[in-house]
Every structure is written in structure tokens, then in C-alpha cells.
Amino acid sequence: MTTNQNYDPDYISAFFDDYAEREWERFERGAASRVNFLVHRHHLQRFVKSGDHVLEAGAGPGRFTIELARIGAMVTVVDISPVQINLNRQKVGEAGCESSVTGRHVADIVDLSRFPDACFDATVCYGGGLSYAMDRAGDALAELVRVTKPGGYILVSVMSLVGSAGALLSTFPDLIEEFGRDTLDREIATGDLFGPTSRGHRCHMYRWSELEALLQSQNCEIVGRSASNFLVINNEDAVTAFERDPELYEWFLRWEIEYCQEPGAIDGGTHMIAVVRRGGS
Ligand SMILES: C[S@@+](CC[C@H](N)C(=O)[O-])C[C@H]1O[C@@H](n2cnc3c(N)ncnc32)[C@H](O)[C@@H]1O
């Protein structure tokens, strides 16, 4: 089911202005968050090459700007939130990667008209840009594809409905008590986290079938798909123990990354990553 909720850019911009530094801390909140980061990074390293000029759309404070710079890419940064753009400048500078950034723009992925067609080797929109775009997700994706060169890769990640429900199930009794089962039924059916249960974090959570249909509506071929993350969900204590032994952690990560790409796992993470190659010549 696709969303019926209207996209409100002012709301999203204000939300992430207010969220500020907490966005940088997102990948530090426990073992599952750290694995989530590493699975995302794995796919960047797979599809982005040194020397690529990359558009990073919805870059936030720059966790992946820094990783793109470390791969050797040149990065144009876009975000709808002026506070996040400033944090991106600060964090990327602190990481010593500022020379890899070719520009920063406060802009909306739904309208990238400041960029000509086919001007980037690859485009990255990690962390839910399409989830926040609600009913304009198709327009946003069309823009990400348009600015990418034919044959170039577009990497996106969105919030996953089924896996998030699995990860958050233990919170459901309290949510039912506070908001009622009808509210949860509506959110689970539609994937729209929009009302009071969202605590302000309005977004659309995807099933893989829905994301796949959205991607297939564009002139591109799906070349990669992955849950992010899978084994670690509800197994954080075990993975925290693995983290204390670097060799064991590497071993675990190999299986996590492989299993995340199994058809039976794609819906099962808190996020889903998809990689498409733009068609045309
Ligand atoms: C959850 S954060 C992810 C940040 C980073 N990509 C990451 O994965 O760590 C989402 C970011 O996307 C930005 N964003 C949301 N909707 C956007 C839009 N329509 N256009 C541009 N940026 C957007 C937010 O301001 C925020 O910085």
C-alpha cells in the first residue's frame, strides 16, 4: 500500500533543524545502530569508486559524506535542513575530509532543478529521504535518477515497516495502552508513521514490494538490495560481546551482510537498501 499522506517540506526541515546533533549520534546508539552503519557503508564501498563525483542527497551531518571521501569520491552535499548542512560542514571538517566536498546546498530532493541532467557518476540518498518525501517519493526518486549519468548507480535506503515492527514489538503494549490498537492497526497497514505515535518523526515505512514497484517505475535496473540490519535485531547482547573481539566481530559482520541480502531477510531490518543502475546511454 502506498502512502496517502501529503509531503510537508517545512515540517521535515524544521524537524531536522531541531533534531540537530542527535542525528550525528544515530549510529552510536547500541550494537544494532553500529551494524546498521556498517551495512550501509559496505554497499557504498561496493558501488562507488575513487574519482566518482557523487551527489549525496539528505546527507545530514555527514557520516556517509566522510565515508565517500575516504573512498576517494568528490561529494556534492544536499540537505533540506540548514542546521544539518552546518553540522555536515563541521563534522566533515573535523574528519579532515573537507577537500572532497565540491559544494553544499540547502535543497529538497523533490526538486533538484539546480542540477542539470546526468551530471553525477553516482547518487546516494541514505537514511530515509524517500521515506520523508511521503506521497512525493516518486518525484524525489525521479530527480535522483535524472541527475545521475546513464549507467551510474543510485543508492537509497528507507525505513522498513516489517523489520521495524519486529525490532519495536516490545514497545507495542505501552503504545496500545496510550493510543489504542486501532491506531497501530492503521500504521501497520499503511506504513505511515504520522500521528502521535511518531513522536514527531513523520515518515513512511516501506515493504520491499512497495519499494521495488517504486524503483521499477523509473528507467533503471535493480542491481542490489539488502536489509539493514537483520541478525543483530533482538540479538544485541550477543553482538555487543562480538564487538569486544575484532576477529569475531569481522566474522559476524560477513554473515550479517550476506544474510541481509537473502530474499527472506530484505523486509526484516529496520531499514532497506536498494541500488539501481540508471538506464539509457
Ligand atoms: C535520518 S537523516 C540521514 C542522514 C544521512 N544520510 C545518514 O544516513 O546518516 C535524514 C536526512 O535527510 C534530510 N532530508 C529529509 N528529507 C529531505 C528532502 N526532501 N530533501 C533533502 N533532504 C532531506 C534531513 O534533513 C536529514 O538530514
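**The ligand and its shell**

Analyst: Sorted by class, the shell around the ligand holds 11 nonpolar, five polar and four charged residues. Here Ala, Val, Leu, Ile, Met, Phe, Trp, Tyr, Cys and Pro are nonpolar, Asp, Glu, Lys and Arg are charged, and the others, Gly among them, are polar. This is a predicted model, in which local features need pLDDT of at least 70 and side-chain atom pairs pLDDT 80 or more, while totals for chains, interfaces and linings use all residues. Residues are numbered from 1 along each chain, and side-chain values use heavy atoms, without hydrogens or water.

Let's begin with who sits around the ligand. There are 20 residues around the ligand (a heavy atom within 4 Å), and those that come nearest are R26, G58, D79, D108 and Y126.

Now for the backbone. G58, already listed among the nearest residues, places a polar backbone atom 2.7 Å from a nitrogen atom of the ligand. I80 has a backbone N or O atom 3.1 Å from a ligand nitrogen. For I109, a backbone N or O atom is 3.0 Å from a nitrogen atom of the ligand. On its own the ligand has 590 Å² of accessible area (Shrake-Rupley, 1.4 Å probe), and the protein covers 99% of that area.

The other spaces come next. The second largest pocket has a volume of about 160 Å³. A pocket is an open set of points on a 1 Å grid with protein on both sides within 12 Å along at least five of seven lines; a cavity is a set where a 1.4 Å probe fits but cannot get out; lining residues have an atom within 4 Å of a point. Around this pocket you will find L38, R41, H42 and Q45, together with E250, L253, R254 and I257. Two or more lining residues come from each of the helices α3 (31-47) and α13 (246-260). The pocket lining comprises three nonpolar, two polar and three charged residues.

The largest cavity holds about 40 Å³ of space. Its lining is made up of N6, D8, Y11, I12, Y132, M134, F194 and R202; by class, that is five nonpolar, one polar and two charged residues.

Finally, a look at the chain as a whole: the C-alpha trace spans about 50 × 45 × 35 Å along its principal axes.

Methods
Points joined across faces, edges and corners; volume = space filled by probe spheres on them. Polar contact = N/O pair within 3.5 Å; in protein donor to acceptor, adjacent residues only side chain to side chain. Helix = DSSP H or I, 4+ residues; strand = E, 2+ residues; numbered from the N terminus.
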